[in-house]
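Take a moment to look over the sequence and the model before reading on. The paragraphs below begin with a single residue and then widen to the whole chain before returning to particular places.

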Amino acid sequence: MDKNSTDPAGADDSPSVAMARFVAGLNLEQVPADVTAYARLLTLDLLGAALAGVDTVESRAMMSAADGFAPASGPCGIWGTARTTTAAAAALVNGVIAHAQELDDFGGADHSGAVVIPAVLAVAEAEDIEDGGRVLESIIAGYDVALRVLEGAGGYRAHNTGGGWHSTGTCGSFGAAAAAARMLDLDAEKTAWALGIAGSFTGGTWAFLADGAMSKRYHTGRAAEIGVTAAYMARAGFTGPTRVLDAEYGGFLATYCGASAEPAAFTEDLGRAYRIMKSGIKPYAACRGLHAPLDVVLRFRAEHGLKADDIKHIDLLCSAANKLSIGDPNPKTRLAAQMSLPYGVAVGLVTGRASLAEFEDKWINDTAVRDLMGRVTMTVDPDQDENSEPVVSIVTTAGERLEGHEPIGLGDPLNPLTTEQVVAKYRDLAPRALSADAASKLEAAVFNLPAADSISSLMASLRCAD
């Protein structure tokens, strides 16, 4: 059978079949150089974020939980540790680790890297694949499919804010399945089955906001695991629905999406406009919704020498969607703080930073931060649409008013971090779990992709000795 053919009758106009053909036929030689370079940079950033997440309460709990349901040995490593297990379990645990510090990329299926890259590297190890070109193809394919599914659902706000789904889980599963299928070199028919299997058992909701629960981190890992499992099932001949996206009854659009769905977006410019280029890289250890206002308040602090005692009141004019998702005025956990704009603004002004340390208990419970947070309000501006960034208005004790607005936060593809800034971020994070030598070798291996020995060096660098 031709690698890009499909057998199912009547499936030729199915968007998931079109995506499957794209994935199965993706050839790195046809991918623009800037896309390949960005895939490498996103991979380095994701691995740095993951290595910073190894020693977190979520990751430790996930590894302990895995002792009860996954083999304690296998071909695939748990990053930053000496532990090994199966491909599916490694994708799950590494996906949780990658998202544990809220430092992984954004702008894909929300967080595409923490879903796609754990799936790709798990299959690479399980199958002893040393083809760095296929690894890059799989990463590019996974990011592409994950975001296309979200765009078909109507976009981030429609699916997440409007529907209550967390698109990292619901759409990320498709991306992980596409990536794992490409790693396994499945033909288009079996890739379509993998997408169908993954899409028939995908999920994740925003209920974690109510109390800052760890389940948000699970969504990345679960999506990665579903993708790996679906691809292996498809390889074995286990069929999946080829109309998983558009079936009138039980399809993804009919079940998970409302009237805002845009099914044409599934395949618009497929194979020409690579969706990986829409992913951004975080400069701050918090929900992306906090970043643009943090840019403003950190600039004000530096330019005006602002101290917490100088501030009488801060008002954040925002959309209703922002107040709903990042408006927690009294966060008590690290995740809740990372999702709280009042906290982010307060800790940024008190410390001048918004790195990992500023979202730990020391600062969450700090008297000065708590006091300033009590002087922050979020006011819904009916003229702001759901994609607008908040306007920051600060009144000082001297009666001065400072007002600022950053329409595109630092790290967005339209306001990107430089390669040097991303490398500096990685070099700060990776040594939290690796030796300096291993971190340096891992960095070199990522930038060396797709060279012949890059994958073996990459995987070896991610494992720690006992």
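In which loop does D110 lie? In this predicted model, D110 is found in the loop between α4, which covers residues 87–99, and α5, which covers residues 113–126. The backbone at D110 has a positive phi of about 70°, although D110 is not a glycine. Because its relative accessible area is 10%, under the 20% that marks the limit for a buried residue, D110 counts as buried.

Taken along the principal axes, the C-alpha atoms fill a box of roughly 75 × 55 × 45 Å. Of the 466 residues, 60% count as buried, and the accessible surface comes to about 17,100 Å², of which 52% belongs to carbon and sulfur atoms.

The place of G169 is in helix α8, residues 167–170, and G169 counts as buried at 1% relative accessibility. G169 and T220 are 51 residues apart in sequence, while their C-alpha atoms are 6.1 Å apart in space. Leaving aside the neighbours within four places in sequence, G169 is in contact with T202, G203, H219 and A223.

The other residue, C76, lies in strand β1, residues 76–77. C76 is buried, with a relative accessible area of 0%. From C76 to G155 there are 79 residues in sequence and 34 Å in space, C-alpha to C-alpha. Once the neighbours within four places in sequence are set aside, the residues in contact with C76 include R83, T84, A90, A122, E125 and R463.

Towards the end of the chain, two helices can be followed as a pair. The axes of helix α19 (residues 419–429) and helix α20 (residues 436–448) come within 10 Å and cross at roughly 145°, and this crossing is right-handed. On the side of α19 the contact is made by V423, Y426 and R427, and on the side of α20 by A439, L442, E443 and F447. The residues of this contact divide into five nonpolar, no polar and two charged.

What kind of peptide bond joins L449 and P450? The bond is cis, with an omega of about 10°. As for its place in the fold, P450 sits in the loop between α20 and α21, the latter covering 454–461.

Note on methods:
Residues numbered from 1 in each chain as written. Predicted model: local features only at pLDDT ≥ 70, side-chain atom pairs only at ≥ 80, totals over all residues. Heavy atoms only, no water. Axes fitted to C-alpha atoms, helices over the stretch in contact; angles between N-to-C directions. Helix = DSSP H or I, 4+ residues; strand = E, 2+ residues; numbered from the N terminus. Left-handed = near helix turned anticlockwise from the far one by under 90°. Contact = heavy atoms within 4.5 Å. Nonpolar A, V, L, I, M, F, W, Y, C, P; charged D, E, K, R; others polar. Buried < 20%, exposed > 50% of the residue type's maximum accessible area, 1.4 Å probe, protein only. Areas by Shrake-Rupley, 256 points an atom, 1.4 Å probe, with all protein chains shown as cover.
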